Amino acid sequence: PGIREGAMSVEAAIGNLNSVIATVPGLVRVYADPPESISEFPCAITYIREGEMYDSAAGGYSLHTLVVEIYQARQIMAQAIDQAKVWPDLVRSALKGNQTLNGSISHFLWPLRYQALPLPYNDQVHFGVRFLVQVKANET
């Protein structure tokens, strides 16, 4: 099933986060689903980490922490660390430009948190940046 614009669900939020991250300049690939292995760099993978869902007679709301991981090529670690410096500003700009993820969330909960660190994927360790994107979705 496709992601409906305006649908407020975790699946829609992740799908639309992927679409927004795909607009970040310099990324070679943004994976909609985690692949078996990664070989195109720099690339991004988005997934859900945790959340809270509240319900009431008025409809309730949900809070979700979505994760964006951007992986650099791992061949030369010093180079990967240096190249990772651009991602915080680029990702922030992309998210600021689409604060409802195409209508799939109500808004982001700022601040945007990130970590630059070694990122294991399958049996390899890469270097990159992990973003924790907190979002709120109002339910009706």
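**A close look at E69**

Modeller: Happy to! Setting aside neighbours within four places in sequence, E69 touches C43, A44, I45, Y47, L119, V129 and R130. Please keep in mind that this is a predicted model. E69 belongs to strand β3, and it counts as buried because its relative accessibility is 6%, under the 20% cut-off for that word.

β3 (61–72) pairs with strand β6 (residues 124–138) in the antiparallel sense, over 12 bridges. As one example of how the two line up, S62 stands opposite A137 in β6.

β6 has other partners too. Strand β5 (residues 113–121) runs antiparallel to β6 and is joined to it by 9 bridges; among the pairs, Y121 has Q124 as its bridge partner in β6. β5 and β6 form a hairpin with 2 residues between them, and in that turn N122 has a positive phi of about 55 degrees. Strand β4 (residues 107–108) also runs antiparallel to β6, with 2 bridges joining them, and there H107 has K136 as its bridge partner.

β3 comes up again when we turn to helix α1. The buried residues of α1 are covered by elements that include β1 (29–31), β2 (43–54), β3 (61–72) and α3 (87–96). Which residues of α1 are buried? They are A12, A13, I14, N16, L17, N18, V20 and I21. The length of α1 can be checked as well: its 12 residues (10–21) should span 16 Å at 1.5 Å a residue, and the C-alpha atoms at its ends are 16 Å apart, so the two agree.

The protein chain averages a pLDDT of 89, and 94% of the residues score at least 70. Residues 1–7 have a pLDDT below 50, and beyond near neighbours in sequence this stretch makes 11 contacts in the model. Where pLDDT is low, the predicted coordinates should not be read in detail. By element, confidence is highest in α3, at a mean of 97, and lowest in helix α2 (residues 77–83), at a mean of 87.

Definitions and conventions: Residues are numbered from 1 along each chain as its sequence is written. This is a predicted model: local features need pLDDT of at least 70, side-chain atom pairs count only at pLDDT 80 or more; totals for chains, interfaces and linings use all residues. Side-chain values use heavy atoms; hydrogens and water are left out. Helices (H or I, at least four residues) and strands (E, at least two) are DSSP runs, numbered from the N terminus. The expected span of a helix is 1.5 Å times one less than its number of residues. Buried means under 20% relative accessible area, exposed over 50%, partly exposed in between (1.4 Å probe, protein chains only). Contact means heavy atoms within 4.5 Å. Two strands pair if DSSP finds at least two bridges between them. pLDDT is the predictor's confidence in each residue, from 0 to 100.
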